[in-house]
Amino acid sequence: MSAEKQSYRGLAWTSWVLVVAFLIFAVIPFLGFLSWFLVWPIVLIVLILAIIILTRGGTAQGVFLILISVFVLPLWAFFAPIISSAIVTPEVEHLEDPGIENLMEGIEVPLDPDEIPTE
């Protein structure tokens, strides 16, 4: 009797879905800061799946997933939310704060101190 070799394709597909979903989630401005906490369970899951993939014969995908989970995901989790929030923050502030020029539109401001009404 020969032992039937189990396929690693389902595990590889699951690992790649986790990696891509995490990479996208970390880029969402402000919400991506949760990735600082979520990165460790995701890294652990992908690392375990990559080791199983290696034992089932998926050498290239297993090694590549291990490298991504150890090096890329933690760095991405740290820098992606900071960069995306820094890019979006000025736009949000511009939408929320119309600026003094827009608030003062239509209001005459006396330049001469003698023109200021006193009660």
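This is a predicted model: local features need pLDDT of at least 70, side-chain atom pairs count only at pLDDT 80 or more; totals for chains, interfaces and linings use all residues.
Residues are numbered from 1 along each chain as its sequence is written, and side-chain values use heavy atoms, with hydrogens and water left out.

**Overall make-up**

The protein chain holds four helices and zero strands, where helices (H or I, at least four residues) and strands (E, at least two) are DSSP runs numbered from the N terminus. Along the sequence the pattern reads α-α-α-α. Of the 119 residues in the chain, 23% are buried; buried means under 20% relative accessible area, exposed means over 50%, and partly exposed lies in between, with a 1.4 Å probe and protein chains only. Among contacts between residues at least 6 apart in sequence, 71% join residues at least 24 apart, a contact being heavy atoms within 4.5 Å. The accessible surface of the chain comes to about 8,900 Å², and carbon and sulfur atoms account for 71% of that surface; accessible areas come from the Shrake-Rupley method with a 1.4 Å probe, and for residues only the protein chains shown count as cover.

Helix α1 covers residues 9–27, and its 19 residues should span 27 Å at 1.5 Å a residue, which agrees with the 27 Å between its end C-alpha atoms; the expected span is 1.5 Å times one less than the number of residues. The buried residues of α1 are Ala-12, Ser-15, Val-19, Phe-22 and Ala-26. Seen down the axis of α1, these buried residues fall within an arc of 100 degrees, so they line one face of the helix, the arc being that of the directions from the helix axis to the C-beta atoms. On the other side of α1, Arg-9, Trp-13 and Ile-24 are exposed.

Helix α2 has 21 residues and reaches 29 Å from its first C-alpha to its last, close to the 30 Å expected at 1.5 Å a residue. Its buried residues are Ser-35, Val-39, Ile-42, Val-43, Val-46, Leu-49, Ala-50 and Ile-53. Just after α2, Gly-57 takes a positive phi of about 105 degrees.

| Pair | Apart along the chain | C-alpha separation |
|---|---|---|
| Ile-52 and Ala-12 | 40 residues | 9.4 Å |
| Gly-10 and Ile-53 | 43 residues | 9.4 Å |
| Leu-38 and Ala-26 | 12 residues | 9.4 Å |

Ile-52, found in helix α2, is partly exposed, with a relative accessible area of 31%, and Gly-10, found in helix α1, counts as partly exposed at 47% relative accessibility.

**The nonpolar patch**

Ile-28, Leu-31, Leu-34, Trp-36, Phe-37, Leu-38, Leu-75, Phe-78, Phe-79, Ile-82, Ile-83 and Ile-87 form a nonpolar patch on the surface, with about 1,100 Å² of accessible area together. The elements that give two or more residues to this patch are α2 (35–55) and α3 (59–96), and the largest share, six residues, comes from α3. Patches are made of residues with over 30% relative accessible area and no salt bridge, with like charges joined within 9 Å and nonpolar side chains (Val, Leu, Ile, Met, Phe, Trp, Tyr) within 5 Å; a salt bridge is a side-chain nitrogen of Lys or Arg within 4 Å of a carboxyl oxygen of Asp or Glu.

Leu-31 is found in the loop between α1 and α2 and counts as partly exposed at 42% relative accessibility. Leu-38, in helix α2, is partly exposed with a relative accessible area of 41%, and, leaving aside its neighbours within four places in sequence, Leu-38 is in contact with Phe-22 and Phe-25.
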